[in-house]
Amino acid sequence: MRRLAAVALLAALLWPATAQAWTPHVARAAKWADARHGSVTFAVRTEERLWGRRLDRKVPSASVFKAMLLVTYLRRSSVRHRALTDDDRALLRPMIRRSDNVAATRVRDIVGNAAVVRLARRAGMTRFVIADVWGLSRITARDQSKFFLHIERLLPARHRDYALKLLRTIVPSQRWGMAQVVPDGWTLYFKGGWGSGTGAVDHQVGLLARGDDRVAIAVLTVNSPSHDYGKATLEGVSKRLLAGLAQASRGSL
């Protein structure tokens with residue numbers, strides 16, 4: 001018995017925190033969000049668990065839709081098994097890294113709405129609704145966290161590194177919100193969306209990766225007083241949800 005107790009004590013000293021034991025601070029984030037103007041929904045997801053607030057409330061997608069366009073384009077039968085051309089990159093790079101709307105519309109016109117819907121179904125997104133104006137497509141925190149958690153699997157192997165590089169290298173001027181509170185040791189792949197700077201819509205959805213561990217997060221806001229206010233809401237919610245993740249041990253999520 002003494003030997004077992006000693007082993008348990010040694011394990012506690014060597015591994016004081018585990019990612020398995022880590023949980024997002026949902027109550028703290030929700031309380032903070034309640035004090036903000038506008039509506040805030042969010043989800044945090046691992047392979048084992050889902051946490052969130054108003055998980056199924058549908059909101060306009062804005063530019064987070066572009067991450068779905070990226071995956072849809074790269075999954076095309078005419079693209080997935082060949083090297084990307086300069087024309088491919090000239091469409092995808094600005095669409096993701098600086099959120100170019102003209103490029104996004106061209107990609108949508110190439111792939112078609114039906115292909116995006118098929119991707120959503122394959123990803124297990126049960127509440128996604130496509131719209132002719134792509135930024136008005138309806139999304140939920142539940143679905144977007146599921147999509148980003150599985151985005152590596154959804155991407156064709158040949159183009160996975162390229163797509164993740166785009167999502168990792170969003171231009172500095174758009175690295176607000178959750179990008180300001182990435183836990184130490186984790187890499188963030190994400191896309192934001194906003195309503196022309198008005199605060200009507202401010203969203204961010206991302207995948208945090210460290211070794212084999214993965215955590216997906218979606219924070220969706222509508223009706224903020226301004227874009228700057230919405231960005232502050234995204235940062236505050238993300239900071240509270242992800243508190244303690246930097247200290248979680250590797251490989252145990």
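Biologist: In which loop is Arg54 found?

Modeller: Arg54 sits in the loop between strand 2 and strand 3 (59-60). Bear in mind as we go that this is a predicted model. The backbone of Arg54 is worth a look: its phi is near 50 degrees, a positive value in a residue other than glycine.

Biologist: Is Arg54 buried, partly exposed or exposed?

Modeller: Arg54 has a relative accessible area of 37%, so it counts as partly exposed. Compare that with Ser99, which is not a glycine either and has a positive phi of about 60 degrees. Ser99 is placed in the loop between helix 4 (86-97) and helix 5. With a relative accessible area of 8%, Ser99 is buried.

Biologist: How should I read a pair of packed helices?

Modeller: Two numbers describe such a pair: the angle between the axes and the distance between them. Take helix 2 and helix 10 (residues 227-241), whose axes come within 8 Å and cross at roughly 160 degrees. Angles over 145 degrees count as roughly antiparallel, and these two helices are therefore roughly antiparallel to each other. Their crossing is right-handed.

Biologist: Which residues of helix 2 and helix 10 meet?

Modeller: From helix 2 come Val26, Arg28, Ala29, Trp32 and Ala33, and they meet Ala232, Thr233, Gly236, Val237, Arg240 and Leu241 in helix 10. By type, the residues of this contact are 7 nonpolar, 2 polar and 2 charged.

Biologist: At what angle do helix 3 and helix 5 pack?

Modeller: Helix 3 (residues 65-74) and helix 5 (residues 101-111) pack at about 45 degrees, with axes 10 Å apart. They are therefore oblique to each other, and their crossing is left-handed. On the helix 3 side, Lys66, Leu69, Thr72 and Tyr73 meet residues of helix 5 including Ala104, Val107 and Ile110. The residues of this contact divide into 6 nonpolar, 2 polar and 2 charged.

Biologist: How many residues of helix 3 are buried?

Modeller: Helix 3 is mostly covered, with 10 of its 10 residues buried. Among them are Phe65, Met68, Val71 and Leu74.

Biologist: Which residues does Leu155 contact, leaving aside its neighbours within four places in sequence?

Modeller: Its contacts are Val71, Leu74, Arg160, Ala163 and Leu164. Leu155 itself lies in the loop between helix 8 (151-154) and helix 9 (160-168). Residues under 20% relative accessible area are called buried, and Leu155, at 2%, counts as buried. Sequence distance and spatial distance can also be read side by side here: Leu155 and Arg80 are 75 residues apart in sequence and 8.8 Å apart in space, C-alpha to C-alpha.

How values were computed
Residues numbered from 1 in each chain as written. Predicted model: local features only at pLDDT ≥ 70, side-chain atom pairs only at ≥ 80, totals over all residues. Heavy atoms only, no water. Axes fitted to C-alpha atoms, helices over the stretch in contact; angles between N-to-C directions. Helix = DSSP H or I, 4+ residues; strand = E, 2+ residues; numbered from the N terminus. Parallel < 35°, antiparallel > 145°, perpendicular 65-115°, else oblique. Left-handed = near helix turned anticlockwise from the far one by under 90°. Contact = heavy atoms within 4.5 Å. Nonpolar A, V, L, I, M, F, W, Y, C, P; charged D, E, K, R; others polar. Buried < 20%, exposed > 50% of the residue type's maximum accessible area, 1.4 Å probe, protein only.
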